[in-house]
Amino acid sequence: METVAITLDGVPVSGRQGMTILELAQEVGVRIPTLCHDPSLKPAGACRLCLVEDEASKRLVASCVTPIASGMRIQTRSQAVLEARRVILRLMLANHPESCLVCDKGNRCQLRKLASEAGIGLVDYDRMDSFVGTQEANPFVKRDLSKCVLCGKCIRADQELVVVGALDYFQRGFQARPATFLDRPLEGSECTFCGTCVALCPTGALSESTGLHLGTVGQRTATTCSYCGCGCSLWVHVSEDRLVYVSPRAENSVNKATLCVRGHYGSDYLHHPDRLLHPQARRDGEMVTLSWQEALDEAAGRLLEIARRHGPLSVGFFGSTQCTNEENYLFQKLARIGVGTPNVDNGARLQAASSILAMREELGIAGATHPLDELEYARVILVIGAQPLESHPVASYAIKRAVKHRGAKLIQVSPVEDGLSRMASIWLRPWPGSEGRILLAILRAVVESKGSSMPGWMEELDPKALLEPTLVEAAAVEEAAGSLSSTRCCALVFGRGLSGGPGGKEAVRVLVRLAVALGCLGVGGGGLYPLDRAANTQGACDMGTLAEFLPGYRPAGDPRARQEMARVWGKEPPQGKGMTLPQMLEAASRGELRALFVMGENPAQLLPGKAREALRGLEFLLVQDIFPSATTELAHLVLPAAGFLEKDGTYTSLERRIQRIRAACSPPGGARPDCWILSALLKRTAQLPEYETPADVMKEISQAVPQMRGVRYTRLENEPIFWPCVDSTASGERILLRGETPESHGGLEPWRLLGSEEADPEFPFLAVEADSLHGVGSGARSGRARRLRAFSPQTQVWINPSEMARLELGQKTQVRLLSRWGELRATALARPEIPTGILWVIPGAPGLGIAGLVPWSWDPGSGVVQTRMSRVRLDKGL
Ligand code: SF4
Ligand code: SF4
Ligand code: SF4
Ligand code: FES
C-alpha cells in the first residue's frame with residue numbers, strides 16, 4: 001500500500017493511503033479530542049471537536065473524516081484550533097443541563113472530561129435549554145435526551161453494529177434528536193436492549209437504568225461473558241466487592257463494541273440473596289450446615305464407599321457447560337482417577353453433544369471451523385435450526401452486517417418468522433423437527449447440480465416424498481441449493497433446532513457433507529458454525545468431560561489413549577467408554593447407578609420428569625452449584641461454589657477461542673471456587689497434591705490436551721488463543737482445514753432423519769421450546785438477574801391469531817399446556833409469525849421451558865435427550 005508523508009505539529013510522519021488524519025495521529029501517539037468518533041463506527045464528522053488546522057490553506061478540518069494527503073502540514077494544537085474547540089464545547093454546554101453532579105454518567109462523561117481539559121467551567125453563553133423528559137420505563141436503558149450532543153453514535157451503533165434499526169434522527173435543526181420510529185419509547189420499538197448505544201454514548205443522554213445506587217466504580221476487570229458460546233469480552237466495573245456495571249471490551253474480542261442484553265445487564269444474579277453460602281448435608285430429611293472439612297470428607301468418603309461396595313460403575317459424574325476448562329478437567333480426573341469410574345458426562349448431552357460427535361466423526365474437528373468474524377465475509381449464509389437473534393446475539397450481528405453492509409445472501413430455514421427471516425433472500429419454513437429432511441434434499445440437489453457421483457442411498461431418495469412432511473416446496477429447496485452452489489464462500493450456521501432435534505447427530509453429519517460438497521471448508525467466508533453451545537460447552541467437551549472421550553478427544557475405549565493419559569496422570573484411567581447421562585439415569589432407575597456428582601447443572605429441571613424420579617432414587621446425590629435448584633432439592637450433600645466473577649479460569653468459546661475469566665469480587669459466605677473444591681476432593685480420593693491455582697491446572701491441561709499444548713495463562717493475559725495451538729509461540733489456528741480438500745468419514749445413517757411425527761387428535765398442537773434472549777438454561781442465573789427478570793418474568797406461548805380467535809383466547813390470557821407427561825402454565829400471546837398448529841413457547845428469564853411436557857427419549861446416535869418438542873393441548877385458565 002502506498003505510503004503518504006505529512007507533517008504533524010511540525011514533525012514528519014507517514015501513514016497509509018486512505019488513512020484519516022485522526023487515525024495517523026493516534027498511530028503516532030498524538031492525541032486529538034473526539035466526541036462522535038469511535039473506531040468501530042463509520043466516521044460521521046458530526047461534533048467537529050477533532051478540528052485541526054491545515055497550515056497551507058489555514059482551514060480548520062475535521063480530522064476524523066479528512067484523509068491524509070502527501071505534503072499536508074497539520075497543526076493539532078494551534079491557537080485557532082484550541083479556540084474553535086472551546087467555542088464548540090461552550091455551545092454544547094449552553095444547551096446542556098447543569099446536572100453533572102447528579103448525572104449517572106458521572107466521571108465517565110466524555111463531554112465533561114473534554115470541557116475540563118479545555119478549562120471550561122461555567123458557560124457564559126445564554127442558555128439554550130432543551131426540555132425533553134427522561135424515559136426509563138424499561139429496566140435497562142435510561143434516556144435523558146436533554147443531555148444529547150447529537151453525536152449520532154447511538155444511531156450508528158444501532159444501524160451499523162447490531163443492525164436493529166430501532167433508532168434514527170427525528171426532526172431537524174434545534175429539535176433534532178435520536179429517536180425510535182414515531183418517537184415511541186424504546187420498549188415499544190425494535191430495541192433489544194443490547195446496550196451497545198449506551199456504552200458508546202459520550203454523555204449522560206443514555207445510561208444504565210440501575211434503579212439502585214451502586215456507588216462509584218473502584219476497579220475494572222477484564223473477563224468473559226458466562227451466558228453463551230459467543231464468548232464476548234467484558235469489562236466488569238466493581239465497587240466494594242459488588243458489580244456496578246458491565247461494558248464491552250473491544251480489544252482482541254469477538255464482540256468489539258457490542259454486547260447483548262444478557263452480557264450487559266444479566267450478571268448481577270451473583271449478588272442475589274438466594275446464593276448457597278455453606279456446605280449442607282441432609283440429615284433425617286433436614287438440611288444441616290457442615291464445615292468444609294466435614295463436607296469434603298463426607299463427599300469423598302461416600303463416593304469411594306459406594307464405588308467399593310457396588311463397583312466404580314455404580315458412580316457417575318455430570319459436569320457443566322458453565323464451569324471453566326480447569327474445573328471440567330479436574331472433574332473428569334476426579335471421576336476417572338479419584339473414583340475410578342468412566343461414567344462422566346456434561347451438560348452438552350442436553351443439546352450439543354450431537355454436533356460435537358458428528359463433526360468429530362466426519363471431519364476430526366469438534367468445534368467451529370471458522371471464527372465468527374468470518375461470517376461477515378460470506379457471500380451466502382445458511383441458517384438452519386438456529387435462532388441466533390435469541391441464542392447467540394453477537395453471532396447474529398455478524399450475519400446481519402454481512403447481509404446489510406456486504407450484500408451477502410441469507411437463506412433462513414426456520415418455522416417462525418423473525419428478524420433474520422425478514423432479511424433473508426430465501427426463507428424455507430419447515431414443520432419443526434423436519435429440518436434434517438430439508439438438508440438431505442439440499443445436499444442431493446447440490447450433488448446433482450455439480451454432477452458428482454451419488455451414493456446409492458442418496459440416489460434412492462425421492463425428493464417429493466422426502467419433502468412432503470416438511471411442508472416446503474421442492475422449487476424453494478432447489479433455489480436454496482442453487483444459491484449455495486454459486487460460491488465457496490458460504491457459511492453454514494446451525495443451532496439446537498438441528499442438533500438437539502430428532503436424529504440431531506445425523507442432521508449435523510448431513511450438514512458437514514453439504515459443507516464438503518460445497519467446498520466451503522478451509523475458505524475465508526465459509527465454514528461451519530455450531531450455535532448450540534453455552535459459555536463453555538466447547539471447553540467442557542475438549543477437557544474430556546464426556547463418556548466417549550478422554551481429554552483432547554482421545555477415544556475413551558482406546559488402550560493407547562489410556563496409556564497416554566497414564567503418562568500425564570501417573571495412573572491409567574478406567575477401561576472402556578462410560579455411560580452417557582441418559583444411560584446413567586436409566587441405570588439409576590434400575591438401581592445400578594447408586595451415586596451421582598452433579599456440578600453446575602440442573603438435570604431435575606431441564607430433563608423430562610423421569611430424570612427427576614431417577615435422581616430421587618439415588619443413594620447419594622452430591623451437587624455443587626451456586627444456587628438452590630430442583631436438583632439441589634434432591635441432593636444429600638450440597639457444596640456452595642463461586643460464580644464466574646468470583647474465580648479465575650478459562651472458557652473456550654464455540655469458535656475454539658480460549659479466553660480468561662478473572663475474579664472481580666469475592667464469593668459470598670463460605671462459597672469456594674470449583675477448582676478449590678475439586679482439588680481438595682482429588683487429594684482425598686487419589687492422594688494427589690492440591691493444585692495451588694487454576695494456572696497450575698492449565699499447565700497440566702496443556703500436557704493432557706494436544707490441541708492446547710501451547711496455552712499458558714501468561715500468554716492469555718492480553719489475547720485469546722484459538723485451538724489448535726501446539727507450541728508456545730503460535731496463537732492458534734483461526735480457520736481450520738486451510739488448503740485441504742476435506743472428506744467426511746462418518747457412517748451416515750440418513751434413515752434416522754426420515755421418521756415423521758404422528759398426529760394425535762387428543763393433543764392437536766406441537767409445542768416447541770424456542771431459544772430465549774432473556775432466559776438461559778434452567779433460569780438459575782437469568783431468573784435471578786434483576787433486570788432480565790423484570791423484563792421477562794414469565795413463560796409465554798405464542799399462537800397464531802386465527803387460533804387464538806378460534807379458541808376464544810384474549811391477549812395475555814393465562815393458559816395451561818397439557819401433554820401426556822405433564823403441564824406448563826404460560827401467558828398466551830397472538831403472534832402472526834407463528835404458523836397454525838404450533839405453540840411457540842418462550843421461556844422467560846426464569847427459564848421454565850417445556851421439558852416437563854416431553855416424553856423421556858434420546859437420540860440413539862448421540863444420547864442427546866429430547867427436550868424441545870411435545871404434542872400438547874391447550875386449556876384456558878389456571
Ligand atoms: S443519545 Fe448519546 S450517543 Fe446518541 S446522539 Fe445523543 S449524545 Fe450521541
Ligand atoms: S440498546 Fe441496542 S437495540 Fe436498542 S437502540 Fe441501543 S443499540 Fe439499538
Ligand atoms: S452474545 Fe452471548 S457471550 Fe455475548 S454478551 Fe450476549 S450472552 Fe454474552
Ligand atoms: S470526532 Fe471528528 S467530528 Fe466528531
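P724 sits in the loop between β29 (721-722) and β30 (765-769), where strands are DSSP runs of E with at least two residues and helices are runs of H or I with at least four, numbered from the N terminus. The peptide bond from W723 to P724 is cis, with omega near 0°. This is a predicted model, in which local features need pLDDT of at least 70, side-chain atom pairs count only at pLDDT 80 or more, and totals for chains, interfaces and linings use all residues. Residues are numbered from 1 along each chain as its sequence is written.

| Residue or bond | Backbone feature |
|---|---|
| W723 to P724 | cis, omega near 0° |

Most residues other than glycine have a negative phi, and most peptide bonds are trans.

Now to the helices. The axes of α9 (residues 353-363) and α17 (residues 504-518) come within 8 Å and cross at roughly 40°; axes are lines fitted to C-alpha atoms over the stretch in contact, with angles from 0 to 180 degrees between N-to-C directions. The pair is therefore oblique, the class left when angles under 35 degrees count as roughly parallel, over 145 as roughly antiparallel and 65 to 115 as roughly perpendicular. Contact means heavy atoms within 4.5 Å, and among the residues that meet are L357 and M359 in α9 and V508 and V512 in α17.

Conventions:
Chains are lettered from A and ligands numbered from 1 in the order in which they are written. Side-chain values use heavy atoms; hydrogens and water are left out.
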